Amino acid sequence: MKKTILALVVLAASLAAQEQTITIEKLPATIQEFEGLRDQLAKTPEGGAAILIVAAQLYVTNRELGKQALTVALDQSQLSKGNWYKGFEPSGNIKFNLGQLEGRSYVPFAYNDGATAENGYKVNPPFRIIFSRNQTSGNEASGTVKVFVKTYGVMPRPITMTVNNKGIWKARECSSIFVAVKPPGQAKGDDL
């Protein structure tokens with residue numbers, strides 16, 4: 001029994017050590033600012049995933065800039081020819097997922113630390129986004145890593161990241177970040 005408890009404590013400490021917080025001082029106001037932030041942060045899978053979250057936040061606050069930012073944040077496998085940015089745009093499945101944000105512009109902000117349904121998912125900058133990994137996340141050497149973004153009220157959501165030929169981590173699978181969260185204004189209730 002003592003060995004089992006000790007193993008669980010060691011496992012919990014190991015998982016906690018894999019948690020990483022990415023801080024975003026403010027949302028970019030231009031695509032150039034966004035690309036500069038991407039170049040600074042997306043040198044790690046977590047940094048690239050944070051860039052995707054920022055792109056989604058821009059998409060619901062400034063649609064044109066958000067379209068450009070999403071195109072920049074996504075892996076080439078998730079893009080098709082189009083006119084969102086430099087001759088590309090997200091593929092159909094990403095556009096379908098973006099449709100889930102219609103009427104739910106608060107969803108991308110649920111990933112900011114401290115954002116809750118009770119406060120309308122509104123927190124002041126700097127924004128902190130918390131990521132973790134688990135035993136099946138993979139590693140950077142493989143070129144593909146699954147990270148999990150902490151989300152208010154639900155299990156952490158997975159984002160699969162891949163590194164491009166310039167060493168920038170981009171989102172390859174990210175459908176979970178578009179799924180609804182508890183609507184703003186709903187207080188936690190007793191689920192029993």
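Predicted model: local features only at pLDDT ≥ 70, side-chain atom pairs only at ≥ 80, totals over all residues.

Biologist: What makes β4 and strand β5 (residues 144-151) a pair?

Modeller: They have two bridges, in the antiparallel sense, and the cut-off is at least two, so they count as paired. In one of these bridges, Phe131 has Val149 in β5 as its partner.

Biologist: How do you know that β5 and strand β6 (residues 154-163) pair?

Modeller: Seven bridges link β5 and β6, again antiparallel, where at least two are needed. Val145 is bridged to Met161 in β6.

Biologist: Why are β1 and β7 (169-173) said to stand at the edges?

Modeller: Five strands make an open sheet in the order β1-β4-β5-β6-β7. Each of β1 and β7 has a single partner strand, so one side of each lacks a neighbour in the sheet. For β1 (residues 20-24), the partner is β4 (residues 127-132), over five antiparallel bridges, with Thr21 bridged to Ile130 in β4.

Biologist: Now the helices: why are α2 and α3 called roughly antiparallel?

Modeller: Helix α2 (residues 31-41) and helix α3 (residues 45-61) pack at about 160°, their axes 8 Å apart. Angles over 145 degrees count as roughly antiparallel, and therefore α2 and α3 get that label.

Biologist: Which residues of α2 meet α3?

Modeller: Phe34, Leu37, Arg38 and Leu41 in α2 do, against residues of α3 including Ile51, Val54 and Leu58.

Note on methods
Residues numbered from 1 in each chain as written. Heavy atoms only, no water. Axes fitted to C-alpha atoms, helices over the stretch in contact; angles between N-to-C directions. Helix = DSSP H or I, 4+ residues; strand = E, 2+ residues; numbered from the N terminus. Parallel < 35°, antiparallel > 145°, perpendicular 65-115°, else oblique. Contact = heavy atoms within 4.5 Å.
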